[in-house]
Amino acid sequence: MDLKEEFYDAVEEVCKIDFAGGKGGVDMGRYLGGLIAGYDLSGEWGLLERAGELGGLLMEKGKGREGMRTGAWLEFTRLGQLIGDKKYCDTARGEVDVLEEGQERTKLRGLWPVKGAEGDEVFGLEKGAEGVYGNLLKTAALLGRRREGRLERMWKEAMGVAEDWLLFRPMLAEEDRDEMGDRRDVLLVGEARMNGDEVETAPNVQHLGCYAGGMFGLGGKLFGNEEYVKIGEQLTRGCAWAYGAFPTGLMPEVLEAVPCEGDWRDGPCKFDEDKWRKEGSKKLRKPFKSVKDPKYLLRPEAIESLFVMFRITGNKEYQELAWEMFQSVVGATETELAFSAISDVTVHGLLKKLDSMESFWLAETLKYYYLIFSPPDLISLDEWVLSPGAHPFRRDSSGFITRGFDEPPRPKKKKKKKPGVP
């Protein structure tokens with residue numbers, strides 16, 4: 001975009017920020033990712049110095065916490081590579097150690113429960129889950145795949161359970177099937193709920209889970225598994241279909257769809273009118289049951305998957321879907337000064353704007369819309385990995401700093417007793 005003057009003005013201001021007064025958490029992790037990506041893209045040394053300073057502050061704020069101490073282990077891994085300080089990679093590795101141990105102890109073995117769910121009874125790929133499932137995959141991509149390591153094993157185990165209990169096919173109406181043609185082979189990500197020892201798939205779909213299409217596709221490409229790529233295509237089309245299924249051309253925050261009976265692997269099902277009358281909503285287009293949260297918040301997850309799948313496959317269908325979505329987004333959300341979230345995607349006519357524009361609109365959503373229509377060598381996925389915050393980190397498999405990172409923790413050695421001591 002050739003905004004070099006603006007970039008260096010921003011660098012000058014960033015170097016003045018006092019990070020010591022921050023509260024830590026997600027925002028600080030995002031700041032760290034932005035500083036690292038800025039350095040990776042520009043080589044501007046001041047950004048790396050600030051990243052090291054902020055990384056140290058995050059480590060201090062995370063001390064003494066049980067489990068994930070920083071929540072920014074992809075960022076810490078890259079920071080350790082760039083600075084050459086093993087403590088950052090050791091911190092990241094410690095967080096992965098905790099995840100690995102907990103993965104085998106949850107009620108639905110292989111998945112971690114949704115954050116905030118009562119009694120750890122609900123499992124899904126949304127509500128912050130990209131920071132776990134996505135980062136397992138993206139850290140493996142960052143480090144380079146020489147052999148199957150534990151990051152790959154953990155991710156594959158989780159996705160195997162997700163395939164069994166989280167994915168489902170919406171029961172598409174005949175008119176949708178005819179109109180969509182080859183695009184009708186779609187999947188959505190739901191939730192798994194524990195009912196005692198039984199597992200039930202609930203067809204509750206969140207926009208936050210739409211990153212899963214790109215994640216499956218990237219995992220398939222990275223690990224040489226075409227089945228994952230196919231699932232990625234089906235999930236990506238599913239969210240694009242959900243956009244077009246509402247009068248605004250936008251997908252709501254949370255919806256519920258009538259699912260096909262049986263295993264999603266059996267392929268698309270015929271529309272069952274009787275089932276629709278019992279379970280569906282007459283106020284919504286077939287096959288939806290309800291819209292539990294009708295807002296549109298300018299989120300990036302759906303366009304992220306379209307971008308990733310386009311770069312992986314080269315299929316221009318994903319650019320066409322992205323352009324349709326972009327036109328709908330601009331038409332519904334543009335204001336005199338900026339863009340705004342809207343309150344209800346299900347209405348016809350005048351839309352109520354919420355006077356709110358989250359930072360991810362500029363940092364992530366528009367970035368992916370820009371990249372999907374850019375030459376493929378701009379932030380090539382062969383050379384870069386984009387964090388869950390859409391920060392591009394240069395892939396780097398060299399160096400001793402990360403050696404052993406992708407291996408399970410070594411068992412602690414028992415202390416040998418001195419002779420004669422009981």
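Glu226 belongs to helix H10 (residues 226–244), helices being DSSP runs of H or I with at least four residues and strands DSSP runs of E with at least two, both numbered from the N terminus. With a relative accessibility of 62%, Glu226 counts as exposed, a class that begins over 50%, whereas buried means under 20% and partly exposed lies in between (1.4 Å probe, protein chains only). Between the C-alpha atoms of Glu226 and Phe216, which are ten residues apart along the chain, the separation is 9.9 Å. The model is predicted, so that local features need pLDDT of at least 70 and side-chain atom pairs count only at pLDDT 80 or more, while totals for chains, interfaces and linings use all residues. Residues are numbered from 1 along each chain as its sequence is written, and side-chain values use heavy atoms, with hydrogens and water left out.

**Overall make-up and confidence**

- The protein has 14 helices and ten strands, and 52% of its 422 residues count as buried.
- Of the contacts (heavy atoms within 4.5 Å) between residues at least 6 apart in sequence, 69% join residues at least 24 apart.
- The mean pLDDT, which is the predictor's confidence in each residue from 0 to 100, is 88 for the protein, and 86% of the residues score at least 70.
- Over residues 64–68 the pLDDT stays under 50, and the model has four contacts beyond four places in sequence for them; over residues 415–422 it likewise stays under 50, with one such contact.

**The sheet S1-S4-S5**

- Three strands form an open sheet in the order S1-S4-S5 with antiparallel pairing, where two strands pair if DSSP finds at least two bridges between them.
- The edge strands are S1 (122–123) and S5, each of which pairs on one side only.
- S1 and S4 are joined over two bridges in the antiparallel sense, and Phe123 has Ala192 of S4 as its bridge partner.
- Strand S4 (residues 191–195) pairs with strand S5 (residues 198–202) over five bridges, also antiparallel, and Glu191 has Ala202 of S5 as its bridge partner.
- In the hairpin of S4 and S5, with two residues between the strands, Gly196 takes a positive phi near 70°.

**Salt bridges**

- The count comes to 27 salt bridges, each defined as a side-chain nitrogen of Lys or Arg within 4 Å of a carboxyl oxygen of Asp or Glu.
- Asp97 and Arg150 meet through their side chains in a salt bridge of 2.7 Å, N to O; because Asp97 lies in helix H5 (residues 86–103) and Arg150 in helix H7 (residues 150–165), the pair ties together parts that are 53 residues apart in sequence.
- Arg150 counts as buried, at 0% relative accessibility.
- Arg299 and Glu253 form a salt bridge whose closest N and O atoms are 2.7 Å apart, and both residues are buried.
- Lys275 forms a salt bridge with Glu261, with the closest N and O atoms 2.9 Å apart; Lys275 is buried at a relative accessible area of 10%, whereas Glu261 is exposed at 62%.
- A network of salt bridges links Glu163, Asp164, Asp263 and Arg265.

**Surface**

- The accessible surface of the protein comes to about 20800 Å², of which 49% belongs to carbon and sulfur atoms, as given by the Shrake-Rupley method with a 1.4 Å probe, where for residues only the protein chains shown count as cover.
- Leu378, in the loop between helix H14 (360–372) and strand S9 (384–386), counts as partly exposed at 33% relative accessibility.
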